[in-house]
Each structure stands twice: as structure tokens, then as C-alpha cells.
Amino acid sequence: MAIEQITMPQLGESVTEGTISKWLVSVGDKVNKYDPIAEVMTDKVNAEVPSSFTGVIKELIAAEGETLPVGSVICTIEVEGEGTAAPEAPAAETKQEEAAKAETTTAAPAPKKPAGANKGRYSPAVLRLAQEHNIDLEQVQGTGMGGRITRKDLLKLIESGNIPTADQKPAAQPAVEAAPAPEVPKAEAPAAPKQAAAPNVPVRPGDVEIPVTPVRKAIAANMLRSKHEAPHAWTMVEVDVTNLVAYRDSIKDEFKKREGFNLTYFAFFIKAVAQALKEFPQINSMWAGDKIVQKKDINISIAVATEDALFVPVIKHADEKSIKGIAREIAELAAKVRSGKLRPEDMQGGTFTVNNTGSFGSVQSMGIINYPQAAILQVEAIVKRPVVMNNGMIAVRDMVNLCMSLDHRVLDGLICGRFLARVKEILENISKDNTPIY
């Protein structure tokens, strides 16, 4: 018999941690390989974790509701096979953790830590945030397992503005031990900024207190990270989609009968954006610290909301798909989200996000970029407006606003303006004669 470990999987690009929402097994249960053993929530997906082995559950290391970094051991399983049981002493580190630990130890001679054996094991996300904001990790008290510092700990410090840096460390006191230095308690009490980060909201009779779910916490952390790290800029264009509306409305019923799913306006917008991204590949980029990565594949992330969460599945290779193919994927991905059947691979690889905010009547909005992408486009509601035509006459036209948020580290207003102008041109020239559905 041998003891194997099952770790927290990476359930999406840029996902660094997950929350065990529910265990589907108990200690002593026999499971087969690929059987679901736990439900895990992140800011991008709610998915089941399959067993990597056939055997008997030996220990559930993570508790329900606990958030762990990707690669952390969540349970152990006893499997049949040659070899002895895995040593019980420290759990095997993932390659990611070993690399992070090696990087930390070579960066500076770290003093011995008084508490928490895991505090000095920093994830890549923690190291990156610490470097970008000049945070001295030796002065941060972690809330993770064994005192480990998590990305959320650093985000709270950044939000509070009380960032401990290396030059804030109390200097070694030479000989004078007389009066206790008033600065010492401040340096040794990193809990203060965390308390300041959470506002003290009085609860009055009749107020309703709603617990924050792990999914909502993860969404909040990701949005906070995007706003803190990416300098957002915003631009908008107005598009006349009268011809698009007439064309789609003339074929939607026949299309539904033939294909079994709806031909939505959104499919036309996705196709136009994918075509424009191919012509302006700079928009299809990501910030990577010391470089900008321009992605070859055009994978469009789309936002799909449920009652209490927002998920962002991906239409892969959108530029290679027809309008019908895009419409099918929109329908299938939305159905998966709302039935809870979205898979981790459905969430991965997105390079640009298009959000259909017009579906609930919005006419103008400013989206938060889906980190680490460089931009997000909000497609607002199509509304009828009086418009002055080229001949000076006023006509009622179907108009839509396209609102784009961009990461100003990666993109400038000039390239984004040209990109939006091209999307506008494509949409305004849609017609039965030059826009095939299939």
C-alpha cells in the first residue's frame, strides 16, 4: 500500500487559489480514479475535483470553506501498489512552491521566523505583489495555514495604504534597554492594517446581514487586484446597427427552427470583435511585468451571470468560427454556467473579454478588466434614437454604445480608437449580401 496526495488543481488561467466548498467523500470511502471527491470554487469557476487515484480516502487535510493555494495538498488517499507509504513528515512541496522558496532564499538572507513553519513559503503571486509594491514579507503576518502569507493578505495591506517596507524595520538596538521604544509595537503588530481594511458598519434593527460566499470573496479579490495593478482608461463609440437588427430579425425564426438555438445579436458582435482583433493584434495582449505578450490565438471570454456570481467562459479561436458557430457556443456555455456543469477547461485561455451588459438594459458602463488581459468591451443595449443622417434629415435608427476599458500599461488611446472604429465599420456594414451566417 502507498499513500498518495491530491492537490488543489488550477481551475483557470491566472487562478492562484481555490476554496473547498463541499467534500463529496469522507475518510474511509473507497473511490475510483476520476470520481469526484470535492467541489471547489474560485473567482472563475465552480467545479468538481476528480480523484487522481483508485483507493481509500485516508485524510481530508483541507476543511470545507478553507481557501488554499494551487498545488496545496487537500487530502491523502491510500492506493494499492508497490512501495511504502509516503513519509508523514512535511508534505511534498509542489514544483511551484519549491521554485518560489528557492527564489525567496536567494533574494535575501531571511531571518528565522518566530511563528508558522509555512510563513516563509511564498507563492509566485505573493512574491510578485511584494516586489511590485515593495512589501517586506518579514513584517507581514499571514492568515493561511501555518501562518502562510496569502495574496489576500497583501491585497488588504495595499488597500489600507499601510505597507510595511524594509526601511520600516526597527533597527537593532545597541545597548540601551531602558525605555521601550514606541515604534516597536507598530512594527510587530501587522494585524492593525487588516482591521482597518474592514469598515465598521453599524447594524440597525431591520438590517439584513448577508454572509460573503467564497465565490464572492474570490471575485472581490480578483477585481481588487485588477484595479490596483492595471491603470484603467475608458473610451466609447456609438454604432448604427439598423441594418444588423433588420437582417437578424428577418432570419431568426427560420434559424431557430433549423438549428434549435437562438441567433442572438451578441453573436454578431463577437464575430466583429474577433475580426478586428485579427487586424489589430496589439489589443489581444497581456502585461507580463518586464514584457508584453501578444497572443496568437483569439479566444473571447464572455461574462455569464447567475443569481450570486459571475463566470467568464471562453469561446476558443473565435476568429475561425462562423456566426452560427459562435451563437452555438454562446448558448452552450451559458447553459453550462446556469446548470453548474462548467468545466475548468471552459474557463481557460481567454485573451479578450466581451461583456453583454445591454442584456439588462445598460446603455453605458465602465467594465473592470479581466486580469491579466489588456482590455474589456461592454456591448450596451440597442435602442432607437433620432439620428441626423448625411443628407441632413433626421431618422429613427437602432443605435448601440460600445464601451471599452483598457490597461494603459499595454494599450494607448490611438490603437484602441482605431480598433473600435474598425468594429464599428464591420457592424454598420452587416447585411444579407455580405455577411454569411454559416
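C416 is buried, at a relative accessible area of 0%. C403 is likewise buried, and its relative accessible area is also 0%. The structure, a predicted model, holds zero disulfides.

The chain has 438 residues, and buried residues make up 42% of them. Its secondary structure amounts to 10 helices and 19 strands. The accessible surface is about 23,100 Å². Carbon and sulfur atoms contribute 53% of that surface. Contacts were also sorted by distance along the sequence. Among contacts with a separation of 6 or more, 65% link residues 24 or more positions apart.

The mean pLDDT is 81, and 80% of the residues reach 70 or more. Where pLDDT is low, the predicted coordinates should not be read in detail. Among the elements of the chain, helix α5, residues 191-197, has the lowest mean pLDDT, at 40. Helix α8 has the highest, at 97.

Helix α8 spans residues 265-279 and contains 15 residues. From its first C-alpha to its last it reaches 22 Å, close to the 21 Å expected. The buried residues of α8 include F266, A267, F268, F269 and I270. Further along the helix, A272, V273, A274, A276 and L277 are buried as well.

The largest nonpolar core of the chain has 61 residues. Helix α8 supplies the largest share of this core, 10 residues. The members that touch the most other members are I270, I283, I300, F352, F419 and L427. I270 lies within the range of α8 and is one of its buried residues.

Most residues other than glycine have a negative phi, and most peptide bonds are trans. The bond that joins Y371 and P372 is cis, with omega about 5°. P372 sits in the loop between β16 (352-355) and β17 (375-379). Y34 has a positive phi, near 80°. Y34 is placed in the loop between β3 (30-31) and β4 (36-41). With a relative accessible area of 62%, Y34 is above the 50% cut-off and so counts as exposed. H317 also has a positive phi, in this case near 50°. The loop that holds H317 runs between β15 (314-315) and α9 (323-339). The relative accessibility of H317 is 29%, which lies between the 20% and 50% cut-offs, so H317 counts as partly exposed.

Two further residues illustrate contacts across the sequence. E229 lies in helix α6, residues 214-229. Its relative accessible area is 9%, under the 20% cut-off, so E229 is buried. Not counting residues up to four places away in sequence, E229 touches L129, E132, Y371 and R409. Y371 is also a partner in the cis peptide bond with P372.

A303 is found in the loop between β12 (300-302) and β13 (304-305). A303 is partly exposed, with a relative accessible area of 21%. A303 and N356 are 53 residues apart in sequence. In space, their C-alpha atoms are 7.2 Å apart. Beyond neighbours within four places in sequence, A303 is in contact with L310, F311, V354 and N355.

Note on methods: Residues numbered from 1 in each chain as written. Predicted model: local features only at pLDDT ≥ 70, side-chain atom pairs only at ≥ 80, totals over all residues. Heavy atoms only, no water. Helix = DSSP H or I, 4+ residues; strand = E, 2+ residues; numbered from the N terminus. Expected span 1.5 Å × (residues − 1). Buried < 20%, exposed > 50% of the residue type's maximum accessible area, 1.4 Å probe, protein only. pLDDT = per-residue confidence, 0-100. Contact = heavy atoms within 4.5 Å. Areas by Shrake-Rupley, 256 points an atom, 1.4 Å probe, with all protein chains shown as cover. Core = buried A, V, L, I, M, F, W, Y, C linked by side-chain atoms within 4.5 Å. Disulfide = S-S within 2.5 Å.
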